[in-house]
Amino acid sequence: MPIQIDRRAGLSQSDFRTQYVARSRPVILTDAIDHWPARRKWSLDYFAEHYADKQVSFDRKSHRIGDFIDDLKRNEGQDNTPYLKEVKLDEQFPELWADVGRIDVARDNLLDSRLLPRSMRLDRGKVALFIGAKGSGFRKLHWDYSYLHVFISQVHGPKDAILFAPGDTRFLYPNPQQDNHSLIPDPYHVDPAVYPEFARADPTRLTIAEGETLFLPAGWWHATHINQPSIAIAESTLDTFNWNQRRLWYAQSHARDGVPYVKRKAVGLYMHMLSLVLP
């Protein structure tokens, strides 16, 4: 059965970790980004006015923000409605850091640790910008790469999401070539003749309202759909609860990629030792 997603305000880090992270339970935080200046400032018109000439890259192309916003408004609600996605602030849009604060319960993010091997860091940054309108969305069913948690914060406008627990993986047709992506092209419209096992999965559908933050634990499948202008920030996090999942995933990936056994053992030993000293 679909799970009930709690909406919580004033959640302490201790309760967040014990009630949600440790139990691999999503939760919506209703006040996590109230202090962000972005909440009072950001809109499509704001980006068009203040960053019209800013160039960003996504979908393997370079885009001028002003042209993107014009294109977004012109094609809103169409099949080809564009979606600015996964634009990392550290790499491409550092000007936005002044408008984006920290999420209190995510403050102990191990991705900040310099002790992590380079292959386990996010070289392009852990915080990304997403901008869309009706018809946009990340409709590809997936879980976040390398077993990271993710916080999806709706700074402007709402966003619809569909979630599946990790236990449903066997019904979601993982791609053998990219195990965190499903072969199902659109989880909102699934052909039962092509994907009969999908009917055995339990989708949870929800709307992340403006000003809310959805916490998704590592390994949770999800896809999103947008019905109104939307600006969101996503932050990837690593902690003691998804550390071993991610470590195992890297070990399996290295074996699959033919990394020499001695190097794999050395990395594995280092990661084990690191797990003893990280908070």
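**Notebook: one predicted protein chain**

I looked up the surface first: the protein chain exposes about 13,900 Å², and carbon and sulfur atoms supply 50% of it. Accessible areas come from the Shrake-Rupley method with a 1.4 Å probe, and for residues only the protein chains shown count as cover.

I note that this is a predicted model, in which local features need pLDDT of at least 70, side-chain atom pairs count only at pLDDT 80 or more, and totals for chains, interfaces and linings use all residues. Residues are numbered from 1 along each chain as its sequence is written, and side-chain values use heavy atoms, with hydrogens and water left out.

**Overall build**

I found seven helices and 14 strands in the protein chain. These are DSSP runs numbered from the N terminus: helices are H or I with at least four residues, strands E with at least two. The radius of gyration is 19 Å, close to the 19 Å that the globule rule gives for 279 residues, so the chain is as compact as a globular protein of that length. That radius is taken over C-alpha atoms, and the rule is 2.2 Å times the number of residues to the power 0.38. Along its principal axes the C-alpha trace spans about 55 × 50 × 40 Å.

**Inside**

I read that 48% of the 279 residues are buried (under 20% relative accessible area; exposed is over 50%, partly exposed in between; 1.4 Å probe, protein chains only). The largest nonpolar core has 39 residues, and Trp42, Phe47, Leu129 and Ile131 have the most contacts inside it. Such a core is a set of buried Ala, Val, Leu, Ile, Met, Phe, Trp, Tyr and Cys residues joined through side-chain atoms within 4.5 Å. Helix 4 (residues 65-74) gives this core its largest share, four residues. A second, separate core of 24 residues includes Leu110, Leu172, Phe198 and Leu274.

**Single residues**

I looked up Phe47 again: beyond its neighbours within four places in sequence, its contacts (heavy atoms within 4.5 Å) include Trp42, Leu129, Ile131 and Ile231.

Lysine 85 sits in strand 5 (residues 84-88). It counts as buried because its relative accessibility is 17%. With neighbours within four places set aside, lysine 85 is in contact with Phe58, Asp59, Leu129, Phe130 and Phe138.

Arginine 17 lies in helix 1 (residues 13-21) and, at 26% relative accessibility, counts as partly exposed. Not counting residues up to four places away, arginine 17 touches Ala22, Asp239, Thr240 and Phe241. From arginine 17 to leucine 172 I noted 28 Å, C-alpha to C-alpha, across 155 residues of sequence.
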